[in-house]
Amino acid sequence: MQIIPAIDIIDGKCVRLTEGDYAQKKIYNEHPLEVAKEFEGAGLQRLHLVDLDGAKAGAVKNWKVLETITSKTSLIIDFGGGIKQEEDVKIVLNSGAALATVGSIAVKDETKFVSWLQQFGAAKFLLGADVKNEKIAVGGWLETTDIWIYDFIEKYINHGVQQIFCTDVSKDGRLEGPSTELYKNILQKFPQLHFIASGGVSSMKDLDELAEIGCNGAIVGKAIYEGRVTLNELKKFS
């Protein structure tokens with residue numbers, strides 16, 4: 001299982017939110033590149049970069065941060081937040097991201113997302129699914145849909161999507177442990193999927209559990225920044 005550390009960006013700085021609430025913001029570092037280099041130094045190979053300004057504005061904003069990190073590290077970066085138009089996809093891929101991370105567009109505008117998959121290639125996208133009680137949530141998690149997570153995954157696997165990460169929104173940023181049961185169910189239904197767990201990781205024990213059930217990756221954010229998991233400990237996964 002690959003550890004994918006997360007860097008969330010507001011105003012070019014590395015921050016974390018709790019449950020997606022911009023009012024519950026904590027700045028961890030003014031310079032995301034420093035953080036990325038620490039991750040690289042610990043032997044980690046991937047990075048989950050989230051443009052929170054972009055997510056709020058509905059258009060990519062912090063692509064300069066992406067450009068800086070891709071030019072000064074060899075990390076494989078997926079970048080998301082505000083990718084709503086074809087132009088945003090181009091900016092993200094041209095700025096050095098290996099994968100464009102999308103979520104709500106796949107829920108709200110299937111036609112547009114499928115056209116991107118055809119145009120850029122499905123291998124260029126990481127699909128994020130925010131989930132509440134096994135139903136897809138969108139719009140900064142304020143809105144729950146009637147779409148069952150398993151139907152959502154199946155539909156996009158059929159469109160060629162290879163990598164999906166799933167966040168249980170009730171867990172994110174709370175350090176209360178991941179939704180292992182949900183992930184187990186997803187992995188049983190879609191054994192061929194490159195599946196990445198996200199949200200709630202609070203300890204090495206959580207990560208060992210996720211590896212045990214067969215997750216291909218785990219996105220870890222707050223647990224690293226709050227010192228619950230050290231970069232040294234994460235070396236066992238690299």
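Biologist: What do the side chains of Glu 226 and Lys 26 meet in?

Modeller: A salt bridge, at 3.1 Å from N to O. The term means a side-chain nitrogen of Lys or Arg within 4 Å of a carboxyl oxygen of Asp or Glu. Keep in mind that this is a predicted model: local features need pLDDT of at least 70, side-chain atom pairs count only at pLDDT 80 or more, and totals for chains, interfaces and linings use all residues. Residues are numbered from 1 along each chain as its sequence is written, and side-chain values use heavy atoms, with hydrogens and water left out.

Biologist: Where do Glu 226 and Lys 26 lie?

Modeller: Glu 226 is in the loop between α10 (222-225) and α11 (231-234), and Lys 26 is in strand β3, so the pair ties together parts 200 residues apart in sequence. Helices (H or I, at least four residues) and strands (E, at least two) are DSSP runs, numbered from the N terminus.

Biologist: Is Glu 226 buried, exposed or partly exposed?

Modeller: Partly exposed, with a relative accessible area of 32%. Lys 26 is partly exposed too, at 42%. Buried means under 20% relative accessible area, exposed means over 50%, and partly exposed is in between (1.4 Å probe, protein chains only).

Biologist: How many salt bridges turn up in the whole structure?

Modeller: The search finds 11. One of them joins Lys 13 and Glu 30, with the closest N and O atoms 3.7 Å apart. Lys 13 sits in strand β2 (residues 13-18), while Glu 30 sits in the loop between β3 (21-29) and α1 (32-41). They are 17 residues apart, and the pair links distant parts of the chain.

Biologist: And which residue does Glu 209 bridge to?

Modeller: Lys 205, with the closest N and O atoms 3.2 Å apart. Both are in helix α9 (residues 204-213); they are four residues apart, so about one helical turn separates them. Lys 205 is exposed, at 56% relative accessibility. Glu 209 is partly exposed, at 29%.
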